[in-house]
Protein chains: 2
Amino acid sequence: MGEAQVSLKHLFRVFTKPEHKDSKLAQIEQHLSDNILDFLSQHVVTKKTSLEEIEQDFSDAIVPESPEFVSTHAEALLEKLVAHSVNTYSPTFIGHMTSALPYFHLPLAKLLVGLNQNLVKIETSKAFTPLERQVLGMMHNLIYGEDDAFYHQYLHSARHALGAFCSGGTIANITALWVARNKTLGPTKGFSGVAKEGLAAAYRFYNISNLGVMCSKRGHYSLSKAVDALGIGRQQLLTIPCPDQTLDPQTALTEGKRYQEEGNKLLAIVGIGGTTETGHVDPLDELADVAKELGCWFHVDAAWGGATLFSNQYRDRLKGIHKADSVTIDAHKQMYVPMGAGMALFKNPEDANTVRHHAQYILREGSKDLGATTLEGSRNGMAMMVYASLHIFGRRGYELLIDQSIEKAKAFAQMIEKHPDFELITAPTLSLLTYRVCPASVQKKLQTANVKTRRSMNQKIDRLVVNVQKLQREAGKSFVSRTRLESPDYPDRSVTVFRVVLANPLTTQNDLTAILAEQHQIATGTKTWQDLEEGKYSLSH
Amino acid sequence: MGEAQVSLKHLFRVFTKPEHKDSKLAQIEQHLSDNILDFLSQHVVTKKTSLEEIEQDFSDAIVPESPEFVSTHAEALLEKLVAHSVNTYSPTFIGHMTSALPYFHLPLAKLLVGLNQNLVKIETSKAFTPLERQVLGMMHNLIYGEDDAFYHQYLHSARHALGAFCSGGTIANITALWVARNKTLGPTKGFSGVAKEGLAAAYRFYNISNLGVMCSKRGHYSLSKAVDALGIGRQQLLTIPCPDQTLDPQTALTEGKRYQEEGNKLLAIVGIGGTTETGHVDPLDELADVAKELGCWFHVDAAWGGATLFSNQYRDRLKGIHKADSVTIDAHKQMYVPMGAGMALFKNPEDANTVRHHAQYILREGSKDLGATTLEGSRNGMAMMVYASLHIFGRRGYELLIDQSIEKAKAFAQMIEKHPDFELITAPTLSLLTYRVCPASVQKKLQTANVKTRRSMNQKIDRLVVNVQKLQREAGKSFVSRTRLESPDYPDRSVTVFRVVLANPLTTQNDLTAILAEQHQIATGTKTWQDLEEGKYSLSH
């Protein structure tokens, strides 16, 4: 079935002739171009399919022997892959950070692949190199706002870098901490630096027991990957409890001092510019001062919240971000760029030199090859998508998008607070919020219950939330995610909550009303709801 | 000019309405779809433009304040960006590893962005997760060829990973060495492992002075990034001279023993499956035995050459690759997938657990979330491009492509050898070769010259090669890269050579004849050529 000819002639056709306009792949393309919402709602199935069933379609570990016609394969992609994908355009899928994208990215994606530049070095990217540098410069400017002379000097300097473009926030965070590590344990009289001599030698030379990285408990899992990969060790990721969802500067100072007095060196404090779980922003301004007092690097992980800087009304939520030594921003989050566009920005254009690499046939000394100061090597030209978005939206366009997201989140929070059977757990700082469902009567009892009863009640409510989230997802109409959180009201033990991210501009207030109504309907139909109302808190019920 | 309305209504249009069929962006798209070669030759300018001139177009570091119409911006992209890109489809651009791509990737790129899945976790990727696991399984099978029961057990196991998909070979190499490091310095009685306790503690516990990674001098620059980032230190990258372009197993053994006797621990030997500079393959089979004898990890960097395994005729060139603990392959090289598709494969499905990470709201324990064992976090669904290519080409299709590349390289090598004024420096093992231009009379004199004269002569020839490469590039018709190499004929000092990669299926023998003729014409027109013929070897001439 669908076996194509094994001949060079056929293969050359694949390289030189597009598919016929009536072919399956051309049809898919046309449908995507004409109406992507319609394409997705027609092809993504909403009925529950178990992962095991989907895995059946991807269970053969043998490279197919013979070629397949493109159209035969396109049919298979629709049935096996598209059918069981997540509809990220859907206005009622508000559980994740991916959302509908502007239309122009579809043709641009084609242009990107058609050009297929490799940004590791000038020779294989040409104009893409200055373009990427400009994008980094614009983002640097958005954060640090240096003057014209500064950007004139550094934007295209072969010996400097304002940042590193990369596949995502995880690599950006690792890059930032790599730079911090190499600078902190850098070359000096008698030591040629950690980059050359390695970490063990650096600890010996600098006479330190351990390097540490401090963040709140809401710090992204990429920080844990970073301290592992960089050789620092995950035990040295000092995660500070944060019942209020943010890192308290006084605690940071105290803990940092204590840590350093024990013979360790605090490498960095990481402030979060929009936590993945609740969207809270750490007090960046104060944390920058703490980092200064402790003599350590200050990194801000604003992968999610960085785009808030486009909004004149809300940019103050990131107050102090310009004091950071490095900042992570993901353009594939609130800048509505397709997946794969992370950035680490450096306040000091010299800092990236601490990780600079050269090679004979590539990244030659004095060249402007981007690969000399990035963790990745060969990379595609995703920066073009960011460049295009910055121009097509402009600051004011992004401002509107950011403002309406935050306002939608506020409106949704109000809806939840008004509803007797829902409880808002964390109010939105940015466009994220968390809440849970629970009979009004139980909410009331919780306020006066003793610690032990409260714990039982909360465990039972946790179960309700897990069930509702699962059943709602399986019903296929909407998707809300869940997580576990400590909160000021429940500091003794974390509780399970619904988590929503109101990033999709297509989501309306009506959608939100419907999602809440669906959750209520699902919840009240469960045995757990009944138990809660009847005061049966034991999980054995 | 081209300023669009700043209103939510306008922004919503950007998200919900495609550009009109007559718009500039739609025209670009149509042209790409109809005839990409024509699109590129029409829009990519061939006349020399200095980097400084291009930078002028990307010199503003301020985020544009107001939105721009998509079509206005599309016009700008054509003029500023596309015009000054590298035409990777051109059959006469044979200096790099990027090449023409099959047509189906253009519509698939659009589908990829339209779906915009995030492969960090199942919830945001669904069918893409099993698909990516299947792709890794197929590539694992291609290398290791385990039996059905093996793949049945591990392909979709939540507690195992056959590999890690990533943005490119650099991250793949880093991932492989990260896994090697964490396994070698893993948890044991009295020590909870390097991942948790860090590198300095691990060196103390295991009583080693240094960890080392060994490769030949042709080892990719990513290995240097890897040992830096992983805290091992660049001085511990033991690069062994290789006048024959490959790592000699006996030298590897001797050097490895010497290193370990000095109180160090050899972490890994890296064998190269197709060097970036000459396409040579290390003696993998023997190096695997050396690694075994030294008790260290064996990694094979087959970013370039891995696809040779599809060819029954040539797969023996990678003999012994199945003995590797880990292997890097880039699908965006000889698998003709767009930039951004690297893979690290692990022989032992348990090994990836040495870098496994969990988090509360994501990568939950027992989940099949891919992000738990990759260096990257959020990632796009590039695996779909590899999946589609594996099906549309099939093993036999790839075999034809690989075979014709190698045969074309052999034919080109013969052309060079026949031409009196060219000298083949390295013959093709895979589809790469290096050579230089030099008057026949000078070649003859070189054979009998004393060391000092030979050095002067070679320096002068170096200058000729550099000039010719530069002038040919600037002429814009073709592109050949250059590098510096030691070779058996010139072991005392490296020489500058042209480097060609014959990966583009569209490149014909006529193209190669023309490239050589152009180089000859350029060379004979230079003052350096004249000097060489007249015996003036001094560089001051």
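This is a predicted model: local features need pLDDT of at least 70, side-chain atom pairs count only at pLDDT 80 or more; totals for chains, interfaces and linings use all residues.

Me: Why is the pair Lys257(A) and Glu293(A) called a salt bridge?
Reply: The cut-off is 4 Å between a side-chain nitrogen of Lys or Arg and a carboxyl oxygen of Asp or Glu. The closest N and O atoms of Lys257(A) and Glu293(A) are 3.5 Å apart, so the pair qualifies. Lys257(A) sits in helix α13 (residues 249-261) and Glu293(A) in helix α14 (residues 284-294), so the bridge ties together parts that are 36 residues apart in sequence. Over all chains, a search of the whole structure finds 54 salt bridges.

Me: What makes Glu293(A) exposed, and what makes Lys257(A) partly exposed?
Reply: Exposed means over 50% relative accessible area, and buried means under 20%. Glu293(A) has 52%, so it counts as exposed. Lys257(A) has 37%, which falls in between, so it is partly exposed.

Me: Are Asp330(B) and Lys333(B) buried or exposed, and what makes them a salt bridge?
Reply: Asp330(B) and Lys333(B) are both buried. Their N to O distance is 2.6 Å, which is within 4 Å, so the pair counts as a salt bridge.

Me: Which residues are joined into one network by salt bridges that share partners?
Reply: Glu29(A), Lys110(A), Glu29(B) and Lys110(B) are joined this way. One of the bridges between the chains is that of Glu29(B) with Lys110(A), with the closest N and O atoms 3.4 Å apart.

Me: How many salt bridges and polar contacts are found across the interface of chain B and chain A?
Reply: There are 12 salt bridges across the interface, along with 66 residue pairs in polar contact. On the side of chain B that touches chain A, helix α15 (residues 383-418) gives the most, with 14 residues. The residues of that side divide into 82 nonpolar, 51 polar and 33 charged.

Me: What area do the chains bury between them?
Reply: Chain B and chain A bury about 14,800 Å², with 65% of it on carbon and sulfur atoms. The contact takes 166 residues from chain B and 165 residues from chain A.

Me: Why is His31(A) called buried?
Reply: Its relative accessibility is 19%, and buried means under 20%, so His31(A) counts as buried. His31(A) lies in helix α2 (residues 24-34) of chain A.

Me: What makes the pair His31(A) and Asp38(A) a polar contact?
Reply: The limit for the N or O atoms is 3.5 Å. The side chains of His31(A) and Asp38(A) are joined at 2.9 Å, so the distance falls within that limit. The side chain of His31(A) also reaches the backbone nitrogen of Phe39(A) at 3.4 Å.

Technical notes. Residues are numbered from 1 along each chain as its sequence is written. Chains are lettered from A and ligands numbered from 1 in the order in which they are written. Side-chain values use heavy atoms; hydrogens and water are left out. Helices (H or I, at least four residues) and strands (E, at least two) are DSSP runs, numbered from the N terminus. Buried means under 20% relative accessible area, exposed over 50%, partly exposed in between (1.4 Å probe, protein chains only). Contact means heavy atoms within 4.5 Å. Buried area is the accessible area (1.4 Å probe) that two parts lose on being put together, summed over both. A polar contact is a pair of N or O atoms within 3.5 Å; within protein, one must be able to donate a hydrogen and the other to accept it, and residues adjacent in sequence count only if both atoms are side-chain atoms. Ala, Val, Leu, Ile, Met, Phe, Trp, Tyr, Cys and Pro count as nonpolar, Asp, Glu, Lys and Arg as charged, and the others, Gly among them, as polar.
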